[in-house]
Amino acid sequence: MIEELLPPGVTSSEAFDDAAPAPLFPAEAALMEGRRERRRRQFATARACARRCLTELGRPPVALLPGPGGAPRWPSGVVGSITHCEGYRAAVAAPASAVAALGIDAEPAGPLPEGVLALITSAPERAHLAALATAYPSLPWDRIFFSAKEAAYKAWYPATGIWLGFREATLALSPEGTFTTTLHPSVPPPVDPVYEGRWLAGRDLVLTAVARTVRAPAPAMISTPGPS
Ligand SMILES: CC(C)(COP(=O)(O)OP(=O)(O)OC[C@H]1O[C@@H](n2cnc3c(N)ncnc32)[C@H](O)[C@@H]1OP(=O)(O)O)[C@@H](O)C(=O)NCCC(=O)NCCS
């Protein structure tokens, strides 16, 4: 499913259960020691997905340990993102030469827990969601909204190291399956704070993805000698 949201050049791998063997590197297994079985399984399956992405990129499989802020440390020259929720695990990766930032998020489709929407939205965002819910009542707009902000955060954080709350982002969703998130850090943003993404809902899941491709350098100016 997740590949539907990604531009060419981004590899992806997903799983809907933990049935396939998903061996961990010793450092990863040590990290999971004492954790609940459910967490160990989702961590392992998502790592297996991530290593499949690396293989597709022609990279050797390596341990993917969390770095600062919990973001996975991908090998040098690779950007990627990981998500897992009930019934879904996925990873995406791309060469850093082609893609500057990646963020994915998965959520169970369905309403957010009581009280969460008020914490993650501004009044104009709530009006935007209410209008979408009136026009397209079958879609879980609140969940899509929540997931899209998390996907943008996962793309933003590895590049900046700046934590952002949900109220430090403004999000507009389009019923056509796209969204735009504008982040408002309290410091001057070190990278472009506007993230474009895509969403989809199906199989009782909501998936969102943000992929910022590297812009080709502007063509060099060719100066022609003027009349002397
Ligand atoms: C980090 C966060 C986005 C993870 O989302 P989640 O829905 O709880 O969990 P998911 O399963 O989708 O994603 C978890 C994976 O995200 C990745 N991740 C964790 N922290 C991350 C970070 N700071 N940056 C990028 N990726 C991160 C990890 O790979 C993690 O899986 P792992 O621990 O097995 O490696 C969320 O817990 C959080 O802290 N949100 C608050 C910040 C935010 O979203 N702000 C929105 C406004 S910009």
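Colleague: How many salt bridges does the structure hold?

Modeller: Keep in mind that this is a predicted model. A pair counts here when a side-chain nitrogen of Lys or Arg lies within 4 Å of a carboxyl oxygen of Asp or Glu. By that cut-off, the number of salt bridges in the structure is 8.

Colleague: Which helices hold E28 and R51?

Modeller: The side chains of those two, E28 and R51, meet in a salt bridge, with N to O at 2.8 Å. Side chains of opposite charge can pair when their charged atoms come close. The pair links distant parts of the chain, 23 residues apart, with E28 in helix α1 (residues 26-32) and R51 in helix α2.

Colleague: OK, on to the ligand. Which element gives the most to the shell around it?

Modeller: In total, 23 residues surround the ligand, and R47, T83, H84, E150 and K154 are the closest. At least two shell residues come from each of α2 (37-56), β2 (78-85), β4 (99-108) and α5 (141-160). The top contributor, with 6 residues, is α5.

Colleague: And how much of the ligand does the protein bury?

Modeller: Let's start with the polar side-chain atoms. One from E150 lies 2.5 Å from a ligand oxygen, and one from T83 is 2.7 Å from a ligand oxygen. For D105, a side-chain N or O atom sits 2.9 Å from an oxygen atom of the ligand. Taken alone the ligand exposes 920 Å², and the share of that buried by the protein is 83%.

Colleague: How many residues of that shell are nonpolar, polar and charged?

Modeller: The ligand takes up the space of the largest pocket. Its shell residues divide into 11 nonpolar, 5 polar and 7 charged.

Conventions
Residues are numbered from 1 along each chain as its sequence is written. This is a predicted model: local features need pLDDT of at least 70, side-chain atom pairs count only at pLDDT 80 or more; totals for chains, interfaces and linings use all residues. Side-chain values use heavy atoms; hydrogens and water are left out. A residue is near a molecule or strand if one of its heavy atoms lies within 4 Å of it. A polar contact is a pair of N or O atoms within 3.5 Å; within protein, one must be able to donate a hydrogen and the other to accept it, and residues adjacent in sequence count only if both atoms are side-chain atoms. Accessible areas come from the Shrake-Rupley method with a 1.4 Å probe; for residues, only the protein chains shown count as cover. On a 1 Å grid over the protein atoms alone, a cavity is a set of points where a 1.4 Å probe fits but cannot get out, and a pocket is an open set with protein on both sides within 12 Å along at least five of seven lines; lining residues have an atom within 4 Å of a point. A molecule sits in a cavity or pocket if more than half of its atoms lie within 2 Å of its grid points. Helices (H or I, at least four residues) and strands (E, at least two) are DSSP runs, numbered from the N terminus. Ala, Val, Leu, Ile, Met, Phe, Trp, Tyr, Cys and Pro count as nonpolar, Asp, Glu, Lys and Arg as charged, and the others, Gly among them, as polar.
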